[in-house]
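Dear colleague,

I am handing over the structure we spoke about, and below it I set out what was found. Please read the notes with the structure open beside them.

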Amino acid sequence: MNDSAYLGTKRVGVLLRKFAVPCIFSLIISCLYNIVDQIFVGNGVGYLGNAATGVIFPITVVGWGLSLFFGDGAAASLSMSLGENKSEHIHRSVGNAILGSFFSGVVVVVIAYLWGDGLLRMIGATDANIQMAHDYGVIIFAMMPLAMTQNTLASIIRADGSPKYAMAAMLTGAVINIIGDPVAIFALDMGVRGAAWATILGQFVSFLICAAYLLRSKTFRVGKGSFKPSLTLLKPVMALGTSSLLTQLSIVVITVVNNVLLVRYGALSAYGEDVPLAAFVVIMKLFQIVLNIAIGIAAGAQPIVGYNYGARKYDRVRALFKLMIQWTAIVGLVCTALVEVIPGVFIRMFGSANDQSYFNFAILCLRIYLSLILFTCVQKVCAIFLQSIGKAKAAAPLSVLRDLLLIGFSLVIPMAHGVTGIFWAARPPISWRCSSPAG
């Protein structure tokens, strides 16, 4: 059963639009879960609420990274197997990836619950926001195994040639969250707890829709035997997914390091502890949107690249890479221009604009942090491209190059420049090497 032969014959530009556009929207929609929470919490609770939800963010990103570890790995493996016309074990690779994602989610939840508020303190919670962070996290963590499984399934569904289905599943959950947030936060006066309940309801519905796809998949069929654990089948999946995992874990490390530094240096500044932390949370959400557009281009191309590489159609692979870089460059330049010209529009979306100290600080730091995002986007796209053609050992270090350097700069620059130095750390042109491994 192979309905994917068209990936090796249709024009690459047409294929990239077909796969990348729904993938971009899927990733933006997945961001909306957290971003919509930030917007409604910011307007309904205030910037302390945003700081509290931001404390939970690194833990959810760990879950997201693990889900991509299995999902993107399975997607890359599936695409290359189809190109090589070796599809007999695909259903078991898919089943093992689903199992791996679910049980890794269970592990994350157990650790988060057992560690409790001590974990929240370690990753940046302050006396002012610890209770709200606790209230939000306790609810969000409960859905993580199924939310992670849904995200793994979305990657597999896109690789199976149904990017619009994956987008529809994400969109349905996001709409539920968008409707549920104002109802729970304002009408029911549930504060951050209301935002959390709206989020997990949307995630659960998205999970059900993605799980239903397994009954109608195009290139594989799962059954009871598909879920029989096999380390032999899981090893190549995990190898191909390592780049995605490292990318997300590096975000976690950056977020935790910056949370701690923002609290430390913020306390020594005129802004206090919570203003810099709340501003960073908002800026990271905007950063995520831009980065996910670029990642969507590369992840959307992954099934096409993997299939053609497996089929040894290297001219088409090179043409796809050029298109990916061109699209990414356009996205990076447009987003940079918008952030530099109208930063206040984006900051106002998240509330607390009437607090002039917070508003001015957030605008300044947004302009600094996202000024060279083009280089970061190109770097991540190159890493995913390498992942798509099975070059896991090259993709993994490339995916975290910028982030490792950023952590080092974040520790050093604030010593001379105070709390704003944490944002300046993202600006040095440190990603110029990103295109060379894929050239």
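How many cavities of 30 Å³ or more does a search of the whole structure find? In this model, which is predicted, the search finds six. The second largest cavity has a volume of about 280 Å³, and of the 24 residues that line it, L68, T247, Q248, I295 and I384 are the closest to its centre. Helix 2 (47-83), helix 6 (144-159), helix 9 (231-267), helix 10 (274-310) and helix 14 (373-388) each supply at least two residues of this lining, and helix 10 gives the most, with eight residues. By class, the lining of the second largest cavity is made up of 11 nonpolar, 10 polar and three charged residues.

Turning to the aromatic side chains, the search of the whole structure finds 12 aromatic pairs. One of them is formed by F102 and F103, edge-to-face, with 5.3 Å from centre to centre and 80° between the planes; F102 is partly exposed at a relative accessible area of 29%, and F103 is likewise partly exposed, at 49%. The ring centres of Y113 and F141 lie 6.1 Å apart with the planes at 70°, so this pair is also edge-to-face. Because Y113 lies in helix 3 (residues 90-115) and F141 in helix 5 (residues 130-142), the pair ties together parts that are 28 residues apart in sequence. Y113 is partly exposed at 38% relative accessibility, whereas F141 is buried, with a relative accessible area of 5%. Finally, Y271, F280, F287, F361, Y369 and F423 form one aromatic cluster.

With best regards

Definitions and conventions
Residues are numbered from 1 along each chain as its sequence is written. Side-chain values use heavy atoms; hydrogens and water are left out. On a 1 Å grid over the protein atoms alone, a cavity is a set of points where a 1.4 Å probe fits but cannot get out, and a pocket is an open set with protein on both sides within 12 Å along at least five of seven lines; lining residues have an atom within 4 Å of a point. Grid points are joined across faces, edges and corners, and a volume is the space filled by probe spheres set on the points. Helices (H or I, at least four residues) and strands (E, at least two) are DSSP runs, numbered from the N terminus. Ala, Val, Leu, Ile, Met, Phe, Trp, Tyr, Cys and Pro count as nonpolar, Asp, Glu, Lys and Arg as charged, and the others, Gly among them, as polar. Rings of Phe, Tyr and Trp (its six-membered ring) pair if their centres lie within 6.5 Å; planes under 30 degrees apart count as stacked, over 60 as edge-to-face and the rest as tilted. Buried means under 20% relative accessible area, exposed over 50%, partly exposed in between (1.4 Å probe, protein chains only).
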